[in-house]
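Student: Could we go through this model together, piece by piece? I'd like to ask things as they come up.

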Amino acid sequence: MRKRSKRYRRAFDKLERGKLYELSEAVALIKSFDSPKFDETVEIALKLGVDPRKGDQVVRGSVSLPKGIGKEVRVAVFAEGEKADAAREAGADVVGSEDLAKKVSDGFLDFDVAIAAPDMMKHVGKLGRVLGPQGKMPSPKAGTVTDDVATAVREFKAGKIEFRVDAGANLHAPMGRKSFTAEDLAENVQAFLDHVKALRPSSAKGVFMQRATISASMSPGVPLAISAK
């Protein structure tokens, strides 16, 4: 059995067994936990009532959190010509086309988000085995395959996040830093929940949003009371 730290156990002891916490309560509880010597990321985990083996039930997308995520996001852009210049002006960290695809194929993954102009997919499409497992493969549904690469760069730099359901029908996403105010964290979480709820596949049966927890990097999860629709 994994041995938990005293700090973790103290946080766990604050939880009421079996209780589902309202969002404001959950955020306040997370912020009350003792902190390590770094600013923890607050993350949400959702269990969805979908079958990810079915293509029409793969829930994925991107959303701009109203308060950002408190993290510097490194963005790579696959583009040429004017679009490449616009991406650089918008703040992209690395820009290229076939040369960047070759670099990524050789193991370069020092970025958080990859954005591609549609005409670059002839190069990017070959990187599925590298970028897919990292959750960094550009996709139109996630807003990372677009003609307007500059706007996409600015949005992700400002706190837009990507998400995709995993093989176990779970979604994980960062909601900000523990140093955020409780109000800002709650606003980000609510915006994410509302966005995911709107993505319910028409073929999904039964309860869509089954369980949700929020946690800090080194804390136990706090179960949320959410709408089951």
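Student: What do the buried residues of α3 pack against?
Tutor: They pack against β3 (75-78), β4 (94-96) and α7 (149-157), where contact means heavy atoms within 4.5 Å. The helices (H or I, at least four residues) and strands (E, at least two) are DSSP runs, numbered from the N terminus. Keep in mind that this is a predicted model, in which local features need pLDDT of at least 70 and side-chain atom pairs count only at pLDDT 80 or more, while totals for chains, interfaces and linings use all residues. Residues are numbered from 1 along each chain as its sequence is written, and side-chain values use heavy atoms, with hydrogens and water left out.

Student: Ok, and which residues of α3 are buried?
Tutor: In α3, which spans residues 81-90, the buried ones are A84, A87 and A90. Buried means under 20% relative accessible area, exposed over 50%, and partly exposed in between, with a 1.4 Å probe and protein chains only. The three cover an arc of only 125° around the axis, so they are on the same side of α3; the arc is that of the directions from the helix axis to the C-beta atoms.

Student: What does the face turned away from that side carry?
Tutor: That face of α3 carries the exposed residues E82 and E89.

Student: New topic: how many residues are in the largest nonpolar core?
Tutor: There are 72, and a nonpolar core is a set of buried Ala, Val, Leu, Ile, Met, Phe, Trp, Tyr and Cys residues joined through side-chain atoms within 4.5 Å. V77, F78 and F192 have the most contacts inside this core, and helix α8 (residues 182-197) gives the most to it, with six residues. Leaving aside neighbours within four places in sequence, the contacts of V77 include A87, V94 and V153.

Student: How many aromatic pairs are there in the whole structure?
Tutor: The search finds two. Rings of Phe, Tyr and Trp (its six-membered ring) pair if their centres lie within 6.5 Å, and planes under 30 degrees apart count as stacked, over 60 as edge-to-face and the rest as tilted. F108 and F111 form a tilted pair, 5.8 Å centre to centre with 45° between the planes, whereas F163 and F192 are edge-to-face at 5.3 Å and 80°.

Student: Why does the F163 and F192 pair tie together parts that are 29 residues apart in sequence?
Tutor: Because F163 lies in strand β6 (residues 160-164) and F192 in helix α8.
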